[in-house]
Every structure is written in C-alpha cells, then in structure tokens.
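Here is a short briefing on one protein model. Keep the structure open while you read. Find each residue as it comes up.

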Amino acid sequence: MKYNRTIDIIKGLAILFVIVIHSFTNKTLLSFGGPFYIQQAVPLFLIITGYNHTMSYERKGIESLAVLYQPNLLFKKLKRILLPALVAYLFQIIIAPFIGREANVFFYLFGRGGYGGFFVSIMIQIVFFLPFLFYLAKKNHHLMLVLSFTFNLIFEFASDTFGLPSFIYRLLFFRYLFAISLGIWYYFVQKDKKSLQLITVGALLSIPYLVLVHYFNYEVPLFSFNTAWKGQDPLTFFYPLLLFHLGLIYLPKIKWNMLYEGLAQLGKKSYHIFIVQMVYFWISASFIDKHEELFLVNLVVCIIIGIGYYHLEDIYLKYRSKKTLSR
C-alpha cells in the first residue's frame, strides 16, 4: 500500500495539539472542548505508530518473528528515536545549572526530561513490543485486539489497586497498549463495514464517558484517573481511532492548499518538534507558569526550532552516510 500523505496532516495537527496542551491550563482546555480533540494528541500519535509500522511490515512482506526482530532492523528504529532525544538531553544537562533545574542520568531514565518526557520511553518500548503485536495480528487480528484490550484494562486496574507510583506508570508502554493495537488492527479492517461500525459504536460510547470523566470528575478504579492523563485508557481509545479514520476519509476531499502542505511538513517533522517543545517548556517553566498569552510565541518557537532540528539531523545523517560509503 502506498503511503497516505493525509497521515502526515493528522500528525501535523496532533503536534500542534501537544503545544496547545502545554501552553494552556486544564481549565482553559476544558472550556473549548479539549478532551475531544486537543487532548487526544498522544493516543492519536500511538494509533498512527501502530498503523504505520504495520503498513511498513506489509509493504516489505515481513511476517516471521525472526525477521521482525532482526537486530539491524531494531537498531535502525531505535536510532531514529534516540538520536534526537539524546542530543536534547545533553543540552539540558549542560544548561540545567544555569536555570536552577534538575538534570542527570536518573532524571532521564524516569522520563522527566521535559513536558511529555515519558513519550520517548514509550516509543523505545514500542520498538520491541510492536513487532510481536503485528505477528499476533497476522495470525488473528481480532484476537490480538481482544487480548490487548483485556491486558491493558487489567494493567489499569492492577496499577490502581496496588498503588503503582505515577512516575513508573507514566513510563510504561502497557498503558497505551490498546491504542497501539487499534492502529495495527485498523490497518487490516479499514475497509470492513462491520469493523468500522464497531469503531463508531466504541467511539460514541466514549463520548459520554469523556464528558463524565473530564467535566463531572466521574471516577472508576482506573489508574489514569489520578494522573495528568485522566481518561486516556482502553475505554476511550476507540474515539481517537474514529478521529483518525474520519481524517483519512475526509481530509483528502478538502482542496489541497498551502495550509495542508504546511501541516504535512509539520507531520513529517513531528517527533523533532515534540523533542524541542519538551525542552522548551522545561526551560520556560523556570521563569513562567503557563502564561496563556504566550501561546503564539510557544507555537512559533517550537515549530521553527523543531524544523531546524530535523534538518540539522538530516544533514548529519547524510554526512555520516557519505563518510561510510567513502571508506
């Protein structure tokens, strides 16, 4: 299957949502319906990750675990994640003493390297777990989804019951297991009417649940309710999947213009922008506390530096590639 550029547009919107989340207070986000689109940014990214990896495996005809877990393939994926993050972490360690912030090895192991610092840890774990999920999906994608939902739900209940520390919970891939599995599953069922009906029903059931959780502080014994990721659990992940599905269907029908091209470019560079905003808000938190009037400044700075960071890494990788070939 040919890569769908609409995916980059959705990723572009999602990275803008991340900057919005870190610019505004929760009260403000609630006032303009944030839980229904803005605060779905991370689940959307992870659904897309599952979908894109599956599309890549299918395009290459990869099916066996031996091939899926080839060291060179895993290392290539890890390098894409770690190189931008490690450079950012080194920068933080250097400037930390000058702005009175904490920064050390353990600081990063616990995903505290900035706003959304947990995301890097989750992406690393995905490199190792997603191939196995894809392998299960090739055997029976419906069963894979049921098992993922069940395990994710048990993980939430167990984390709440046994009082798992939030700094550990935030780092674990398992809290988003069902979202990633939905991305894999959706690849196989995206033209199946019954499965699409299931997505719609699941998403519609998520809406009143999100209203109760975010606007009425409704509580059930799920760990996510006592965290900053309130309501981001397996009971809601059909909703961002529906957003992704609708985006793939309807965004291409809108006339292509500079705005869409811009969003597509942001989508391609979304991980680097994510890393930059992580460091940016970590630094700015030393001087200001979510001044919402600075939103446009936050947006412009994170996007411009993020794009520049992407191109700097691209130049470096091309240089390394030429140097390797010349040996």
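Tyr-215 has a relative accessible area of 34%, so it counts as partly exposed. Keep in mind that this is a predicted model. Start at this residue, then move on to the charged pairs, the helix packing and some distances.

- Tyr-215 sits in helix α10, which covers residues 193-215.

- Look next at Asn-217, in the loop between α10 and α11.
- Helix α11 covers residues 238-250.
- Asn-217 is not a glycine, yet its phi is positive, at about 50 degrees.
- Is Asn-217 buried or exposed? Its relative accessible area is 51%, and the cut-off for exposed is over 50%. Asn-217 is therefore exposed.

**Salt bridges**

- How many salt bridges does a search of the whole structure find? The search finds four.
- One of them joins the side chains of Glu-58 and Lys-138, at 2.9 Å from N to O.
- Glu-58 lies in helix α3 (residues 41-60), and Lys-138 lies in helix α7 (residues 118-161). The two parts are 80 residues apart in sequence, so this pair ties them together.
- Glu-58 is partly exposed, with a relative accessible area of 27%.
- Lys-138 is partly exposed too, at 31% relative accessibility.
- Lys-138 also meets Glu-63 in a salt bridge, with 3.7 Å from N to O.
- This pair links distant parts of the chain, 75 residues apart. Lys-138 is in helix α7, while Glu-63 is in the loop between α3 and α4 (65-68).
- Glu-63 counts as partly exposed, at 47% relative accessibility.
- Another salt bridge pairs the side chains of Asp-314 and Lys-318, at 3.3 Å from N to O.
- What separates Asp-314 and Lys-318 along their helix? They are four residues apart in helix α14 (residues 295-325), so about one helical turn lies between them.
- Asp-314 is partly exposed, with 28% relative accessibility.
- Which residues do shared partners join into one network? Salt bridges link Glu-58, Glu-63 and Lys-138 in this way.

**How two helices pack**

- Two packed helices are described by the angle between their axes and by the distance between those axes.
- Apply that to α3 and α11: they pack at an angle of about 65 degrees.
- Their axes are 9 Å apart.
- Why call α3 and α11 roughly perpendicular? Angles of 65 to 115 degrees count as roughly perpendicular, so this pair gets that label.
- The crossing of α3 past α11 is right-handed.

**Distance in sequence, distance in space**

- Ile-81 is in helix α5, which covers residues 71-99.
- The relative accessible area of Ile-81 is 8%, so Ile-81 is buried.
- Ile-81 and Gly-61 are 20 residues apart in sequence. From C-alpha to C-alpha, they are 24 Å apart in space.
- Leu-241 is in helix α11.
- At 0% relative accessibility, Leu-241 counts as buried.
- Leu-241 and Leu-294 are 53 residues apart along the chain, and 31 Å separates their C-alpha atoms.
- Phe-162 is in the loop between α7 and α8 (166-169).
- Is Phe-162 buried or exposed? Phe-162 is exposed, because its relative accessible area is 70% and the cut-off is over 50%.
- Phe-162 and Leu-266 are 104 residues apart in sequence. In space, they are 40 Å apart, C-alpha to C-alpha.

Methods: Residues are numbered from 1 along each chain as its sequence is written. Side-chain values use heavy atoms; hydrogens and water are left out. Buried means under 20% relative accessible area, exposed over 50%, partly exposed in between (1.4 Å probe, protein chains only). Axes are lines fitted to C-alpha atoms, for helices over the stretch in contact, and angles run from 0 to 180 degrees between N-to-C directions. Angles under 35 degrees count as roughly parallel, over 145 as roughly antiparallel, 65 to 115 as roughly perpendicular and the rest as oblique. A crossing is left-handed if the near helix is turned anticlockwise from the far one by less than a right angle, and right-handed if clockwise.
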